[in-house]
Amino acid sequence: MTQSATLGPHLQRLQQRALMVGVGGLGLCVVGVFLNPGQFFRAYLLAYLFWLGLALGCLAIVMLHHLVRGAWGAVIQRILEAGTRTLPLMAVLVVPLLFGLHDLYIWARPQAVANDELLRHKSLYLNVPFFMVRTGVYFVAWIAVAYFLNRWSLLHDQTQEQPHERSLRRRLQLLSGPGLVLYGITVTFAAIDWAMSLEPYWYSTIYGIVFMVGQGLATLAFAIIALALVADFAPFADVVAPAHFHDLGNLLLAFVMLWAYIAFSQFLIIWSGNLPEEIPWYVHRTQGGWQWIGLVLLVFHFAVPFLLLLSRGTKRRAQTLATVALAILCMQLVDLFWLVMPAFHPAGLYVHWLDVVASLGIGGLWIAVYVWQLQRRPLLPLHEPRLQGALDHG
């Protein structure tokens, strides 16, 4: 199966528009650097965490697909693999954040560390050189795993010898198990470094899981949107059926419930402990207008999607499911906003134009590179037994 000639122009137009938005948004960000450098770095961090989460979520879910060998992932495998190949872009885009460490993190300011006993105690881990080394290690690990997953998947497309096919599928499965463990470890430490250390006096033992579940939820939503956009074009038109959207809708529902469970678990543990060093984090997020963001998340990131995804009709209609997925994707950005921004504005809700512009800038560039990567390979895996299972299931 090959990419349809009719789909190419649609993808090219999407790529061009995304690139224009990305360049325009990043251009305005450059203006923001001179007008308000501190706010620029805060907005850039928020946008970066969101779009990096999509790339990492693609990596995690494609490994989960190879590990469990389910037919549900065959129709979105290439959609996910293209997302993993944006990780080199994200490695480049992390560089501006490294110039803003002193603006973002109190532990990166020598004077603050010198005057604070707790920061001095944590300085063995929270210091600028070690932070940069860890960041480099994370990207080396993520890009290496993504490289081998994509390389072996491409080799699988290029061979028709059955023993060699089985060997490549086995390699992908064997890599995916340890790869998911590595993903869990690195994302946990990255979440601590980039987000939790914004408030170094606070800690949560499941903070990394909050980020991992959010990445999985956002990625499934993104994959559903992408599949709905291409479902009417070859080669997807001959493969994708309502049953596939129904399966993906069920997975999305599961992640919505898991996100709510993890978020409530963290709140319940900290509320029941009621320790002075733990509760300020939630106090800052439940007053000064931030409580309304929390309420919006409760309603539109859990309650409404949960009720809609219970319906079989919603999950079997591609456009309806894609609309729900788009709302969830937007709410995931709001969730990150609620997690990150109160660290800088604990007194009350504050939204700056750079928060929007940075998300559009990085997002436009990410989507442009994503579409470019998507067009480089067949849109469905070739010589894949699970694809026949997907056809039968559909």
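Visitor: Where does Phe267 lie?
Guide: Phe267 is part of helix 12. Helices here are DSSP runs of H or I with at least four residues, strands are runs of E with at least two, and both are numbered from the N terminus. This is a predicted model, in which local features need pLDDT of at least 70 and side-chain atom pairs count only at pLDDT 80 or more, while totals for chains, interfaces and linings use all residues. Residues are numbered from 1 along each chain as its sequence is written, and side-chain values use heavy atoms, with hydrogens and water left out.

Visitor: What does Phe267 count as in terms of accessibility?
Guide: Phe267 counts as partly exposed because its relative accessibility is 35%. Buried means under 20% relative accessible area, exposed means over 50%, and partly exposed is in between, with a 1.4 Å probe and protein chains only.

Visitor: And how many residues apart are Phe267 and Leu295 in sequence?
Guide: They are 28 residues apart in sequence, and their C-alpha atoms are 14 Å apart in space.

Visitor: Next, Asn274. Buried or exposed?
Guide: Asn274 is exposed, at 52% relative accessibility. Asn274 sits in the loop between helix 12 and helix 13 (280-284).

Visitor: What is phi of Asn274 near?
Guide: Phi of Asn274 is near 55°, a positive value in a residue that is not glycine. Most residues other than glycine have a negative phi, and most peptide bonds are trans.

Visitor: Which peptide bond is cis?
Guide: One that is cis runs from Ala234 to Pro235, with omega near 5°. Pro235 is in the loop between helix 11 (207-230) and helix 12 (242-273).

Visitor: Helix packing now. At what angle do helix 14 and helix 16 cross?
Guide: Two packed helices are described by the angle between their axes and the distance between the axes. For helix 14 (residues 290-309) and helix 16 the angle is roughly 155°, and the axes come within 10 Å. The axes are lines fitted to C-alpha atoms, for helices over the stretch in contact, and angles run from 0 to 180 degrees between N-to-C directions.

Visitor: Parallel or antiparallel?
Guide: Helix 14 and helix 16 are roughly antiparallel. Angles under 35 degrees count as roughly parallel, over 145 as roughly antiparallel, 65 to 115 as roughly perpendicular, and the rest as oblique.

Visitor: How many nonpolar residues does that contact of helix 14 with helix 16 have?
Guide: There are 15 nonpolar, three polar and one charged residues. Ala, Val, Leu, Ile, Met, Phe, Trp, Tyr, Cys and Pro count as nonpolar, Asp, Glu, Lys and Arg as charged, and the others, Gly among them, as polar.

Visitor: What about helix 2 and helix 16?
Guide: Helix 2 and helix 16 (residues 318-340) cross at roughly 135°, and their axes come within 10 Å. That makes helix 2 oblique to helix 16.

Visitor: Which residues of helix 2 meet helix 16?
Guide: Leu45, Leu46, Leu49, Phe50 and Leu54 in helix 2 meet residues of helix 16, including Leu329, Leu333 and Val340.

Visitor: How do helix 2 and helix 3 pack?
Guide: Helix 2 (residues 37-68) and helix 3 (residues 77-84) pack at an angle of about 135°, and their axes are 8 Å apart. These two helices are therefore oblique to each other. The contact of helix 2 with helix 3 has six nonpolar, five polar and one charged residues.

Visitor: Last topic: how many disulfides?
Guide: The count is zero disulfides. A disulfide here is a pair of cysteine sulfur atoms within 2.5 Å.

Visitor: Is Cys29 buried or exposed?
Guide: Cys29 is buried, with a relative accessible area of 2%, whereas Cys330 is partly exposed at 42%.

Notes: Contact = heavy atoms within 4.5 Å.
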